[in-house]
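Please consult the sequence and the structure while working through each solution.

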Amino acid sequence: MRRSFSAPGRVNLIGEHTDYNDGFVFPAAIDFAATVEITPRSDRIVELASEHYPDTFSFPLDDPDAKARRCWTDYAQGVALVLHHSGYPLSGADLFIRSSVPVGAGLSSSAALEVSCGLALAAISGHSISRLDLAKACLEAENEFVGMRCGIMDQFVSTHGCADSAILLDCRSLEYRVVPLPASARLVICNTMVKHQLAGSAYNERRQDCETAAHQMGVPSLRDVTAAMFAEFADALPARIRLRAQHVIQEIERTERAADVLMMGGLTLFGRYMYESHESLRDAYEVSCAELDLMVELARVQPGVFGARMTGAGFGGCTINLVDAQYVNQFRHEVAAAYHEATGIAPDIYVCRAVQGAHEITT
Ligand code: GLA
């Protein structure tokens with residue numbers, strides 16, 4: 001019997017480059033998703049096909065020499081192999097994948113792919129996997145098989161997302177709080193349509209800098225550094241490492257505060273934290289770029305905008321804007337026109353809804 005599963009992409013409201021430092025993040029799952037149609041096979045082969053690519057790819061579940069091929073199939077193969085070898089033995093299957101998550105835009109198209117395939121494969125193999133185990137298997141696939149040293153934010157929110165809410169996640173304990181989003185505001189995502197080459201290697205370098213900073217301060221991770229402790233140590237750190245650590249330490253604190261403020265309906269103050277986060281990512285963490293900075297500046301002067309910042313890893317991709325529902329159409333129109341005029345690029349602007357995490361959609 002054919003069954004279908006779906007897993008969403010995400011947008012992060014605040015808490016950037018904090019997940020792999022054991023800090024807080026505040027993402028929402030959004031109404032762009034990867035969907036998988038899956039049919040069991042009688043052998044132990046998994047075959048992957050996609051609406052977006054002409055070729056199919058198959059692999060045996062028991063191949064000890066399986067290696068990433070540096071293409072979209074790695075995410076699906078990686079999670080299949082991790083599940084299969086960590087207590088969730090899988091049956092062979094044919095998977096057909098579609099995705100509405102823009103690729104390379106920083107909205108977690110890869111996490112959506114991993115989670116939807118992992119859920120589908122586990123389900124047809126007779127396992128009821130917990131959302132947390134699924135998120136962890138997907139993270140392991142990305143870290144170990146694909147070779148991207150990302151944190152758990154994307155996989156966690158793709159599995160745990162809640163309708164009309166953001167998730168405040170403590171990436172150390174993996175405890176989380178569901179925070180309803182105010183009905184009067186909309187999540188508006190502006191895609192700069194640029195992706196700078198640096199993205200993959202610069203990400204791993206930032207992570208390395210954070211590990212160096214924590215090591216030099218004698219703590220397991222930057223989550224363990226309080227503002228007072230940082231003030232004491234900062235002068236002894238090399239300039240670049242100091243700036244990276246400063247961003248992470250402040251952003252972890254800012255994210256927890258921002259989620260509290262939003263719970264009490266404080267949209268204006270929450271928006272101020274968003275701007276602060278952007279400035280810190282631009283000046284201290286140095287993961288923004290001219291197009292992202294421009295998009296934030298164009299948004300900031302529009303009526304009805306509470307806050308704006310880059311979202312995701314950086315070096316291109318999208319900004320997230322919290323906009324008064326009444327001003328959304330005007331915002332779209334004005335920002336798109338101004339960005340086009342300044343850069344010659346027509347941006348995509350999406351008004352998103354926060355949605356539930358991965359689930360079966362078989363009809
Ligand atoms: C990417 C990674 C996440 C996170 C963000 C930055 O999206 O996949 O784990 O580190 O960058 O906040």
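Axes are lines fitted to C-alpha atoms, for helices over the stretch in contact, and angles run from 0 to 180 degrees between N-to-C directions. Helices (H or I, at least four residues) and strands (E, at least two) are DSSP runs, numbered from the N terminus. The model is predicted: local features need pLDDT of at least 70, side-chain atom pairs count only at pLDDT 80 or more, and totals for chains, interfaces and linings use all residues. Residues are numbered from 1 along each chain as its sequence is written, and side-chain values use heavy atoms, without hydrogens and water.

**Exercise 1.** Describe the packing of helix H2 against helix H4.

*Solution.* 
1. Helix H2 (residues 109–124) packs on helix H4 (residues 153–160) at about 55°, and their axes lie 9 Å apart.
2. H2 is therefore oblique to H4 (under 35 degrees is roughly parallel, over 145 roughly antiparallel, 65 to 115 roughly perpendicular, the rest oblique).
3. H2 contributes Ala 111, Ala 112, Glu 114 and Val 115 to the contact, and H4 contributes Asp 154, Gln 155, Ser 158 and Thr 159 (contact means heavy atoms within 4.5 Å).

**Exercise 2.** State where confidence is lowest and where it is highest in the protein.

*Solution.* 
1. The mean pLDDT (the predictor's confidence in each residue, from 0 to 100) is 97 for the protein, with 99% of the residues at 70 or above.
2. Helix H5 (residues 199–216) is lowest, at a mean of 92, and strand E2 (residues 24–25) is highest, at 99.

**Exercise 3.** Describe the division into domains.

*Solution.* 
1. The protein comprises domain 1 (3–180) and domain 2 (185–352), with bounds from an automatic or database domain assignment.
2. Their centres, taken over C-alpha atoms, are 24 Å apart.
3. The contact takes 36 residues from domain 1 and 45 residues from domain 2.
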